[in-house]
Amino acid sequence: MLFNSYIFIFLFFPLTLIGYYGLNYAKKYNLALAFLIGMSMWFYGYNNIYYLAILIVSISINYGLITGMASVSAKRLKRLFLWAGVFLNIGILFYFKYYDFFIDNINSALKAEFPLLKLILPLGISFYTFQQLSCVIDSYKGECEHYSFLEYALYVSFFPQLIAGPIVYHNELIPQFQDIGNRKINFENLSRGIYAFALGLAKKVLIADTFSSIVTIGYNNITALNTTSVILVTVCYSLQLYFDFSGYCDMAYGMGYMLNVKLPANFNSPYKAESFADLWNRWHMTLTRFFIKYVYIPLGGSRRGKARTYLNTLIVFIVSGLWHGANWTFILWGTLNGIVIIIERFTKLASLKIPKIIKMVTTYSLFTFTCSLFRSASVKDAGILWIRLFCGGFGPVYQPLIDAFGDLTESKFLYRAGFGAIMTNYPWLMLTVFTAIALAACFTLKNTQEKVAELTLSNRKFFVVVILMIWSIISLSGISEFLYFNF
Amino acid sequence: MNQKAAKKWFIKCILTLVTLLAFIALTVIIVDPYFHYHKPLPFLSYRLYEERYTNDGISRHFDFDAMITGSSITQNFKPSEMDALFGANTVKESFSGAGYQELADNLDRALSRNKNLKQVLWAVDYNGFLREYDWARYEEYPTYLYDNNPLNDVSYLFNKSILYHGVMTNIAMTLTKTPSTTMDEYSSWDMETGLEVILTTYDRNNVNTDVPTGFGEEEYNMVTQTITLNILRVVNKYPDTTFYLFYPPFSIFYWESLNIKGTLDRQLRAEQVATELLLACPNVKLYNFFDQYDVICNADYYSDDGHYCEEINSRILQWIAQDTGLVTKENYLGKLAAEREFYANYDYDSLYE
């Protein structure tokens, strides 16, 4: 189930709030936790019941390992449980996410024909696997309390963070479930939560999805793009990615608030970053901290000399690339990010006296460039795109990109509302203005956590919530145009 | 921030949202631009436009006893002409780019809802025999309008495109006293025709020849499945309805492309299989206009290799009313032989002189 769907907004989430607070009001605290788990399972299994079974099995086995580890005192046995947990979680992830990629590469290298599994990746498997992995490792280190099965199962399956993060640590989430003080309706949190949810929903539905339609056309027709169009498409993709993920994080954050659970910040205006290192401390923050804690530091971090620090950094980013997807594009993207950070450290770029705005724009531009690799279907496609970028020549924007924006209901409304002449004479103008405003927002506006923290319940904010919610809800479904004139 | 103020603010937000959403839903239900809930209201003007959103509503709530259906080649039919020729009350439900299954499913729904529907004019796309029976061009489909599940109507009730294109347009038409789109006007088009226009989309030097040319058991089964699972499924289910089926008269350029590809024999053999299956149905009247050479060989009637102008739609209705081109068990082999003879030997170069 998606947050940005009718069933979620009209049925699932209101039902969750009513059921959860209703059971807590009746002092059925464990039943309330079980209810949240049940709702999370419905949320997860809504589109594919088969993957719900994988989640349940994964939770059960991991819980068994964690409690098993706690029940033995011999270090050797604990280590056995640890490695069993690591192999199990990485094994499941490998099987579903990387097996075909691995076999495909072997087939290419050896000209063999080993069969592929062609499995559909279970939603959010990378997130809940990492979350459980952290719990297993922390248990081994003795940093994990004993949790009941209900608490553990809810920690893993809690729907606001289940399919796209943030990657939460057990000691951040479970104590909040255990605190009975959090089980009462808190209107202050409900208000902050609905505000964050409205902002997130609007970012996703009104902005990210608009850019998505343009980006899809661009990346499906890379050979037709000139330099101008490639720049536009890559900028649009950087904005799609930003508003998509930022919107999702805001919605998760808002729903957490409404359930009196504070999720960790996961997105902190990353395009305001002045370096790549800064950017990765702001983008998908909980993934970065996971890699630092469970990969970078165990590898030695920065304690073993400069060369080893650089190598560790590179390893983390290669793993991060691979985590994002089973394709060479992701691996190269991760590698490229790692290399840029190493160069930044090597040249001590952060200490150079360069105006902040130049650092921000440079970081953004370079990141946008690396994102073209992230979005391309293959390394070859990325290569073609870069050739078009440098050799395509400046000229008019590829018309279907402009048409895609013109097809928006909002564009048609503006056309009728008196902007028709401008839109006809300057067909590229609206898309350019929309892109420029979105870009300026990324560079200048406060992020949602800041806005939520300083929220005052004014009429202005009331209108923001109502308008964004209504506009987003009526944008969840559109009219598909069937204009192909053929038979 | 205190709890009391927060409670007031939060409840105000929820109540306002619920009220506004209820207002939007009610507006859509009343105007109902795609006739999902009721027939057109007498005091509103309606723009009939998006076929795949509108047709099911027409089937549900309009009063009619005859229907014209098919792909884009039926868009220029005038139901008023059918009314006059067949003494019927006709609606038109064209689906641009439709496959056989889509048309059959729509017709099945219409017939199951409307027991008065006794005459159906159905264009059988001649170039669709050798496609998978469930071939469909479009993946995105407003399925929420087609089923009887009220829960998924949320996609209809809270949809800015429908609010803009449907509700607002109809209200604007009503306020400006613009009359509703007539069934004759619905989905019709008036494109330029002639050789120059055809050659913008058809190039004899650029016909894809990398296509299968033979006709074996696999092709036989494909045609049989396409006709049986789609057309015969509906025709046999409603024996009291007369189905006027016809092969649309594609232009001479279509036939040229078959010759260039080397698929003329394959196509004619597919036609034979389809024809034999259709002729076995007592409630089917099948028409073939491939001997209307004055039309087919005249580029001025066509906008591309298949689509003809509305004058030909009118002629088709007259031909059918007069049983011109009626295919029977006695004459279908002769018609096939004549098609083979004419289109295999036609001097296609003369088209470009």
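Which residues have the most contacts inside the largest nonpolar core? The legends below take up this question first, then turn to other parts of this predicted model.

**View 1. The largest nonpolar core has 216 residues.** The residues with the most contacts inside this core are Ile194(A), Ala198(A), Cys236(A), Tyr244(B), Leu245(B) and Phe246(B). Helix 10 of chain A, residues 227-258, gives the most to the core, with 19 residues. Domain 1 (6-185) and domain 2 (187-477) of chain A both give residues to this core, so it lies between them. In soluble globular proteins, nonpolar side chains tend to be buried together.

**View 2. Phe246(B) and the residues it touches.** Phe246(B) is one of the core residues with the most contacts.

**View 3. The contact between chain A and chain B.** Chain A puts 29 residues into the contact, and chain B puts in 36 residues. On the chain A side, the elements that give two or more residues are helix 1 (6-25), helix 9 (187-220), helix 18 (409-425) and helix 21 (459-473). Helix 21 of chain A supplies the largest share of that side, six residues. The chain A side divides into 20 nonpolar, seven polar and two charged residues.

**View 4. Met82(B) in helix 3 of chain B.** This helix spans residues 79-86. Is Met82(B) buried or exposed? Met82(B) is buried, because 25 other C-beta atoms lie within 10 Å. Beyond residues up to four places away in sequence, Met82(B) touches Ala66(B), Ile68(B), Ala88(B), Thr90(B), Leu121(B) and Leu317(B). Pro249(B) is 167 residues from Met82(B) along the chain, and their C-alpha atoms are separated by 19 Å.

**View 5. Residues 9-31 of chain B, a "transmembrane region" according to UniProt.** The UniProt entry behind this feature is unreviewed. In the model, the span is 100% helix and 0% strand. Its end C-alpha atoms lie 33 Å apart.

**View 6. Confidence along chain A.** The mean pLDDT of chain A is 91, and 98% of its residues reach 70 or more. Among the elements of chain A, helix 1 has the highest mean pLDDT (97) and helix 18 the lowest (90). Over residues 481-487 of chain A, pLDDT stays under 50. The model has 17 contacts beyond four places in sequence for this stretch. Where pLDDT is low, the predicted coordinates should not be read in detail.

Note on methods
Residues numbered from 1 in each chain as written. Chains lettered and ligands numbered in written order. Predicted model: local features only at pLDDT ≥ 70, side-chain atom pairs only at ≥ 80, totals over all residues. Contact = placed C-beta atoms within 7 Å. Helix = DSSP H or I, 4+ residues; strand = E, 2+ residues; numbered from the N terminus. Nonpolar A, V, L, I, M, F, W, Y, C, P; charged D, E, K, R; others polar. pLDDT = per-residue confidence, 0-100. Core = buried A, V, L, I, M, F, W, Y, C linked by C-beta atoms within 7 Å. Buried ≥ 20, exposed ≤ 12 C-beta atoms within 10 Å, placed from the backbone. Domains from an automatic or database assignment. UniProt positions renumbered as here; feature names shortened; annotations may be inferred.
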